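Please keep the sequence and the model in view while reading.

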Amino acid sequence: MAGDLTAPKPRKVLALLLVHADRVVPIDLLTTELWDDEPPASALTTLQTYILQIRRMLARTCGMDPARVARELLVTHADGYQLHLDDASLDLHEYERLADQGRLAQLCGDHEHASRLLGAALAVWRGSALVDVRLGPVLRVEAQRLEEARLATWKQRIDADLALGRHREILGELGCLAARHPLHEDLQAQFMIALYRAGRRTDALDAFRRLREVLVDELGLEPSRRIRRVQHAILTGDPVLDTASALDTAWTWEPVASTAVRTSSELVTVGRGPA
């Protein structure tokens, strides 16, 4: 849509309007994105000029009269601007629709349908969020929010695939995700379970060791109790790891007796669980 809108600041305004499509974007939010905490005296006039440029671009793109664009598409309000879009016009809306349907299917236990819907949601993405916009303070937060939502959807789709026994098919993809997010314990746990199911228990334990090293070196933290449970289940070959709900069960599973297990790099002691 913004192909002929090349100046960085009008593109910022358009991006913010698109992210908040069908909602009024306050003028102070737009000026913060454009100039941070130091707007010039001419900020309001300059913003109005950017809005005019965007309306002209929309008129050309949509084949509409500019006056109609101002009345129906990019509307002025007392305290801001509102971009009206049909849901099907914006990739973000399509992604959110598919992701919501996929999550609902997952909650209903339909892992096959969930995997398809969540995979379709992820396929809507083309690179990182707002990658072609020079981000200011507001859009930087929005981009982070969108990326975190995408990662959550990715994790949920992997959950569905693991529940369907597709650990071998997703190992490569999961390994890349785990490498890109070395502190994300849920992804690391998924990777460990997939490796274990594929007959690579040593690699699964190595994945835990790498996670621990990164946590200790970068944050001064030990792995959480939850992921230590997954590690213990791998060390003991617990059958829970082969069930459809392996990750959820492993998060809450407790060993029945105090057990000391020596790995190649450390001694891990797991406390007594409930009687």
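Two strands pair if DSSP finds at least two bridges between them. Helices (H or I, at least four residues) and strands (E, at least two) are DSSP runs, numbered from the N terminus. The model is predicted: local features need pLDDT of at least 70, side-chain atom pairs count only at pLDDT 80 or more, and totals for chains, interfaces and linings use all residues. Residues are numbered from 1 along each chain as its sequence is written, and side-chain values use heavy atoms, with hydrogens and water left out.

**Sheet**

- The open sheet consists of three strands in the order E1-E3-E2, with antiparallel pairing.
- E1 and strand E2 (74-77) stand at the edges with a single partner strand each, so one side of each has no neighbour in the sheet.
- From one strand to the next, the twist averages 30 degrees.
- Four bridges join E2 to strand E3 (residues 80-83) in the antiparallel sense.
- Valine 75 is placed opposite glutamine 82 in E3.

**Helices against the sheet**

- Contact means heavy atoms within 4.5 Å.
- Axes are lines fitted to C-alpha atoms, for helices over the stretch in contact, and angles run from 0 to 180 degrees between N-to-C directions.
- H1 lies across E1, E2 and E3 and runs at about 65 degrees to E3.
- Helix H4 (residues 66-73) lies across E2 and E3, at about 65 degrees to E2.

**Packing of H1 with H3**

- The axes of H1 and helix H3 (residues 43-62) cross at roughly 75 degrees and come within 9 Å.
- H1 and H3 are therefore roughly perpendicular to each other (a term for angles of 65 to 115 degrees).
- H1 contributes Lys9, Pro10, Val13, Leu14 and Leu17 to the contact, while H3 contributes Leu47, Tyr50, Ile51, Gln53, Ile54 and Met57.
- By class, this contact has nine nonpolar, one polar and one charged residues (Ala, Val, Leu, Ile, Met, Phe, Trp, Tyr, Cys and Pro count as nonpolar, Asp, Glu, Lys and Arg as charged, and the others, Gly among them, as polar).

**Loop residues with positive phi**

- Most residues other than glycine have a negative phi.
- Aspartate 22, in the loop between helix H1 (8-19) and strand E1 (24-26), has a positive phi near 75 degrees.
- Leucine 130, in the loop between helix H6 (111-123) and helix H7 (137-163), has a positive phi near 55 degrees.
- Buried means under 20% relative accessible area, exposed over 50%, and partly exposed in between (1.4 Å probe, protein chains only).
- Aspartate 22 counts as partly exposed because its relative accessibility is 30%, whereas leucine 130, at 18%, is buried.

Conventions: Angles under 35 degrees count as roughly parallel, over 145 as roughly antiparallel, 65 to 115 as roughly perpendicular and the rest as oblique.
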